[in-house]
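Subject: Structure handover

Hello,

Here is the structure for your set-up work. My notes on the sheet, the domains, the ligand shell and a few local points follow below.

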Amino acid sequence: MTLSAPLPSSALSGTAPLLEVRDLHAYYGQSHVLHGVNLHVNPGEVVSLIGRNGAGKTTTLKSIMGVLRSRSGQIRFDGHDLTRLPSHRVAARGVAWVPEERAILGSLSVHENLELPPARPGGWSTERAFEAFPVLRERGHHPGSKLSGGEQQMLAIVRVLRSGPRLLLLDEPSEGLAPVIVQRIGAMLQELRQEGLSVLLVEQNLKFATRLADRHYVFVDGQVVDEVLAHEVESRRADLLRYLSV
Ligand SMILES: Nc1ncnc2c1ncn2[C@@H]1O[C@H](COP(=O)(O)OP(=O)(O)OP(=O)(O)O)[C@@H](O)[C@H]1O
C-alpha cells in the first residue's frame, strides 16, 4: 500500500477501520468539489464532519453512498471496495444514509413507512421503532407529510435501521428541530453506538456534534484540514468556532 497522506490513527492503534476513504475527489459535472478527502470510521465510532456551508460534507456522504458516481479515490468498507458500486449495492453491504431532506414516503402513513419494504433480518422491526420513539406509535396512521420536522427525522432514521446497517450516514439530523427533539435523537444515537453501530454525521450544530462524536473532521474547500478528538474539543473550541464562522 502506498501512503501519500498521514497514517490514520486506526493504523497506529492496530484497529481495522470499518470505513476508510482515501484521496476522494468528487465532481458535479465540470465542477471539482472534493479535493482528496481522507478519513476513516472505526467500528462503533461516531465521527462528525464539520465545516462551513459548501465545504463538501454532504458531497462526501453522497460519494460514500454511491449516490454521486462522479468520483475517484478509494472507499473501503469492512474490507470491500465500494468505490465503483451503485448506491443499492453500497446499501446491501450495510451502509445506510439519511439525507438532509429526510427521505420518507409523504403520502403513506407512519405504519406503512415502517413496513414498506419489510425489515431485513437483523434490522429494526416496527415495534422496536415505536419503543425508541413512542410518538411514532401515536402518529401511526398519520401520513408522513403531516408529521412535524422532528417526527419526520425520527421516522427517517428508524426507516433506514430496518435494513440492519453497520454504518449510518446522517446529514444534519438536528437541523431545524426543537432542543428537546434534538436531545431525544442524540440519546437514541448514543444507544445505537452502544449496540455497535458506527455513525458518520454531518452537523452544523457544534453542541450536538461535540456531545455525541468521538472525533471530528474539519472540512474547508473540499478537503479535510483538521481532526479534533472528543477530549480536545474544550482546548480547541476557539479553532472550531473559527472554522465554522462565516
Ligand atoms: N447538485 C449540485 N450541483 C452542482 N454543485 C453542487 C451540487 N451540490 C453541491 N454543489 C456544490 O458543491 C460544493 C460542496 O457542497 P456540499 O453540499 O457538499 O457542502 P456542505 O459542506 O455539505 O455544505 P451545506 O451544509 O451547505 O450542504 C458547494 O460548492 C456546492 O455549491
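Strands E6 and E7 (residues 167–171) pair in the parallel sense, with four bridges between them. Helices (H or I, at least four residues) and strands (E, at least two) are DSSP runs, numbered from the N terminus, and two strands pair if DSSP finds at least two bridges between them. Ala-96 has Leu-168 in E7 as its bridge partner.

Two remarks on the source. This is a predicted model, in which local features need pLDDT of at least 70 and side-chain atom pairs count only at pLDDT 80 or more, while totals for chains, interfaces and linings use all residues. Residues are numbered from 1 along each chain as its sequence is written.

The sheet

E6 and E7 belong to an open sheet of six strands with mixed pairing, in the order E6-E7-E8-E3-E9-E10. Its edges are E6 (95–98) and E10 (223–229), each of which pairs on one side only. On average, neighbouring strands are turned by 20 degrees against each other, direction ignored. Axes here are lines fitted to C-alpha atoms, for helices over the stretch in contact, and angles run from 0 to 180 degrees between N-to-C directions.

Helix H2 (residues 57–65) packs on this sheet and touches E3 (46–51), E6, E7, E8 (198–202) and E9 (215–220). The direction of H2 makes about 145 degrees with that of E7. Contact means that the C-beta atoms of two residues, placed from the backbone, lie within 7 Å. Helix H7 (residues 149–161) lies across E6 and E7 and runs at about 165 degrees to E6.

The domains

The domain assignment, automatic or from a database, gives domain 1 (16–94 + 167–176 + 199–246) and domain 2 (100–165). Taken over C-alpha atoms, their centres are 25 Å apart. The contacts between them involve 10 residues of domain 1 and six residues of domain 2. On the side of domain 1 that touches domain 2, E7 gives the most, with three residues. That side divides into four nonpolar, three polar and three charged residues. In this count Ala, Val, Leu, Ile, Met, Phe, Trp, Tyr, Cys and Pro are nonpolar, Asp, Glu, Lys and Arg are charged, and the others, Gly among them, are polar.

The ligand shell

Which residues come nearest to the ligand? Of the 13 around it, they are Tyr-28, Asn-53, Lys-57, Thr-58 and Thr-59; a residue is near a molecule if its C-beta atom, placed from the backbone, lies within 6 Å of it. H2 supplies the largest share of the shell, three residues. Strand E2 (31–41) and H2 each supply at least two. By class, the shell holds five nonpolar residues, seven polar and one charged.

Other strand pairs

Strand E1 (residues 19–28) runs antiparallel to E2, joined by eight bridges, and Ala-26 stands opposite Leu-34 in E2. E1 and E2 form a hairpin with two residues between them, and Gly-29 in the turn has a positive phi of about 60 degrees. E1 is also joined to E4 (residues 71–77) by six bridges, again antiparallel, with His-25 opposite Ser-72 in E4.

Gly-122 sits in the loop between helix H4 (110–115) and helix H5 (126–132).

Regards
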